[in-house]
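Q: Hi! Could you walk me through some side-chain contacts in this one?

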Amino acid sequence: MSERLAVRKTFKLYLGGAFPRSESGRTYAVTDHRGGFLANAAHASRKDARDAVVAARAAFGTWSRATAYNRGQVLYRVAEVMEGRHAQFCEEVAAGEGLSAGRARAAVDAAVDRWVWYAGWTDKLAAVLGSANPVAGPFFDFSLPEPTGVVAVLAPQRSSLLGLVSVLAPVLASGNTAVVVTSRERPLPAVTLGEVLATSDVPGGVVNLLTGDAAELGPWLAEHDDVDAVDLTGAPPAQAMELERLAAGSIKRVLRPPAEEPDWSADPGLSRMTPFLETKTVWHPKGV
Amino acid sequence: MTQLFEYAPAPESRSIVDVAPSYGLFVDGEFVDGSGEPMKTVNPATEEVLSEVAVGTDADVDRAVRAARRAFTRVWGPMRPADRGKYLFRIARLLQERAREFAVLESLDNGKPIRESRDVDVPLAAAHFFYHAGWADKLEYAGHGPDPRPHGVAGQVIPWNFPLLMLAWKVAPALATGNTVVLKPAETTPLTALLFAEVCRQADLPPGVVNVVTGAGETGRAVVEHADVDKVAFTGSTEVGRSIARAVAGTRKVLTLELGGKAANIVFDDAPIDQAVEGIVRGIFFNQGHVCCAGSRLLVQENVHDEVVASLQRRIGTLRVGDPLDKNTDIGAINSAEQLARIRELSEIGEAEGAHRWQPACDLPDRGYWFPPTVFTDVSPAHRIARDEVFGPVLSVLTFRTPDEAVAKANNSTYGLSAGVWTEKGSRILAITDRLRAGVVWANTFNQFDPTSPFGGYKQSGYGREGGRQGLAAYLRSTHP
């Protein structure tokens, strides 16, 4: 019996709800933790990053103004579709991160659960972070959290799925749109997540996934005038300071990288949502 | 021109204030000499030199930061939170007791009308201490985790437009949360901060908890860049904010910025025009327009443009410009020669770009820095007077036809600090405020402030909030969540 010849994969970017190749035509080989070939991934360029920002900006109005109830359901739907791809995620996480089957399964379970957790936050943030302000005067005065806009995320380099979900889901739950540079060495769970997102009612452009090199794309995103915030979690440590400096040009909100990649299984609290929220305060006189 | 009643002069007496011929830095509970070449602070209404003020160098700032660190580790950090609160209550009361003295000194040094320093700046400053005093022993209820901790030493740099009020916005939350402070007041308006230092002594605040280091940009830079400062808070221009964000990049310092603005004040055709006109005047001429959230871009629905502008001009004709210490004065002096030059330059650019300048007939004093209230009509969104922050009594009037156009024009700015909406229709207010990208939206009112109400910007107007529960976040290391 002759063995079936495997279909080798060349993956593309996920950008504006579509799957284009890199404008540059570049690809790179993705290997497992032992160096064995897994697939070819698109190697995103500066132009791809700029296109992603345009797509994220275009999607911001729709996504940020969707009802919290609607956003929560869409995010829950992502978890549902992820659950359906559970086995594939396990395989990719195990291959990329060199985890045992059991530990890979635990990471995927945690990633799906994390997504569910954030799905439940959309319609609670306003109640938890907003306020009615008892000002000393005849005014109705209240404050509400609002998304800051387009967030550029340099995803963790090591934790290819749980880490990715842990940085992406809070950006979406708080109503922002995202441009994500995935882990360079371990991009396949992100590619699969893109396929999940494309079939999960998440409007095109809300999430844009760039497989490529954070060191190469980071500066363009940090400097981009139409990016409102940057999450430097997966930035190369030697480059993080430069990225923060570039971000200062347009007074971007910056989430600095932790000293080392954190334990993503820990309860994240609100710490990854609040950096990408603004507070809007509205005053109106009271009177008859 | 509207016929004005002749008002007899009603000047507030300056005898309540003793302005010393020279002031030192306030470091570790003592007034000490600064190592820099002292600077002079002048009364912008008369150009009279008020006093000579010390200038802090890197070494002076280092001394102040050391004092603040010592006070943080030995006294202020370990202190019972309730006692920290009591110190703040004391300070609030002292500000109230010495309110008139502070108001007169503020108007002398800044040029703002006594009516505003007396009725707005000083009472609000006291209110900020009073509000934050109550937080000191309740921080676990503030929503920043069960055991929120202070950062340590806060380096704070504040502007000249509301010298005492900005001090209160910075110092009160810092102290309430258990931080100690090194404050750098603005170069042109240091005097009320130095009087505040005296209040700290009067309150027996432990030495080193509050340090005041006067000076100009270099002194501010030394504060921001000092390695042992844990938290930096800045209010001022976007340009300086940008350089501060660069300076703290790669450090562990926590940063909040309150920067410039170019607020849209949107008037719909169903708005009560008389009230709107009062709001427009308050929005742009309050504090000579030296307000980061000033309503400097008036967006009027096209069909009421002529009516609004005519009514506005009639109202502006009644504003009294002159002696800041006169209780009848509405508009005082421009804070400095430098700022006056900038306002003049941008106004000239406004005319050169084709907008139409209108100013009421108005006599200005011979000495001092003055600029009459000014309205530009026929302004397009591309004009620099519609884009750049003038920081003076200069209003640009633009028009719109539909709510969508109003929102698009309002949001067409790199800034996003504040906005105003005037309409009788409640549902429209809520819909428009929802869509405005600005941190504070005043509907059928303008320029209201309160310590319980968070204030701060979107976009290049900065990050972080001041006031309210949300404002405490800047001074706390939240444990969890």
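Q: Which ring does the charged end of Arg184(A) sit over?
A: Arg184(A) has its charged end over the ring of Tyr28(A), 4.6 Å from the centre. A charge sits over a ring if NZ of Lys or CZ of Arg is within 6 Å of the ring centre and within 35 degrees of the ring normal. Keep in mind that this is a predicted model, where local features need pLDDT of at least 70, side-chain atom pairs count only at pLDDT 80 or more, and totals for chains, interfaces and linings use all residues. Residues are numbered from 1 along each chain as its sequence is written, chains are lettered from A and ligands numbered from 1 in the order written, and side-chain values use heavy atoms, leaving out hydrogens and water.

Q: And what does Arg46(A) lie over?
A: The face of Trp220(A), at 3.9 Å from the ring centre.

Q: Switching to ring pairs: how many aromatic pairs are there over all chains?
A: There are 18, counting Phe, Tyr and Trp (its six-membered ring) with centres within 6.5 Å; planes under 30 degrees apart are stacked, over 60 edge-to-face, and the rest tilted.

Q: Why is the pair of Trp117(A) and Tyr118(A) edge-to-face?
A: Because their planes are at 80°, with the ring centres 5.1 Å apart.

Q: Is Tyr118(A) buried or exposed?
A: Buried, at 0% relative accessible area; buried means under 20%, exposed over 50%, partly exposed in between (1.4 Å probe, protein chains only). Trp117(A) is partly exposed at 33%.

Q: Which residues do ring pairs link into a cluster in chain B?
A: Trp169(B), Trp442(B), Phe446(B), Phe449(B) and Phe455(B).
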